[in-house]
Amino acid sequence: MLRKVSKFIVVAGVWLLAPRVVSAQDTIPFVPSPMYVVQKMIEVAEIKKGDILYDMGSGDGRIVIEAAKKYGIRGVGIDLNPELVTKARENALKEGVANLVEFRAQDGLTVDLSEATVVTLYMFKWFNNALRPKLQQLKPGSRVVAHDFDIDDWKPTRIEYITRPAEESSDYAESRTLYIWKVGEAPAMP
């Protein structure tokens, strides 16, 4: 009897907490990275032949699509919003890389990242922090690039500061920060 009551308490606890996690992710807005930031993220990720890129919160698919176009690598975009996933699939078709990329409507915190060699993020810090254990278990040498939001208690291998190009007048912010981690490498000394 005690075992059944304990099991009920655990199930009830999970059920009560689950809506909070989903609702927290539902509050993450779609704010696309400007293309100059996308280009820089791909550059600092040091993408090479055979890499598999996962973009968490992929929105319209621009990072995955650009990496596939530029380097011919496989990519997976994860976004909770099914409408954005549909848009990303349409964009991949238009750009001629639908055979290299896939987009999934999925909770990013439940994704199996074990095949990823590159992970890109433009998510809030709480999400990055929650994803950290999975990121730290990637194969040594895998790269993680986060746009504007770092990860607590995980020092980046390096940090890049980028400014808006003069010809990019539509951007809503002047400078951006990219945090780069190489799994298994110590952070660079300042």
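**Notebook: pockets and a helix pair**

I began with the second largest pocket, which has a volume of about 160 Å³. My grid was 1 Å over the protein atoms alone, and a pocket is an open set of points where a 1.4 Å probe fits, with protein on both sides within 12 Å along at least five of seven lines. The volume is the space filled by probe spheres set on the points.

This is a predicted model, where local features need pLDDT of at least 70 and side-chain atom pairs count only at pLDDT 80 or more, while totals for chains, interfaces and linings use all residues. Residues are numbered from 1 along each chain, and side-chain values use heavy atoms, without hydrogens or water.

Which residues line the second largest pocket? I noted Met 35, Asp 60, Gly 61, Arg 62, Ile 65, Glu 66, Lys 69, Asn 91, Lys 94 and Glu 95; lining residues have an atom within 4 Å of a point. They divide into two nonpolar, two polar and six charged, with Gly counted as polar. H3 gives the largest share, four residues. Helices are DSSP runs (H or I, at least four residues).

Next I looked at H3 beside helix H2 (residues 35-44): their axes come within 10 Å and cross at roughly 55 degrees. That makes H2 oblique to H3, because angles under 35 degrees count as roughly parallel, over 145 as roughly antiparallel, 65 to 115 as roughly perpendicular and the rest as oblique. Axes are lines fitted to C-alpha atoms over the stretch in contact, with angles from 0 to 180 degrees between N-to-C directions.

How values were computed: Helices (H or I, at least four residues) and strands (E, at least two) are DSSP runs, numbered from the N terminus.
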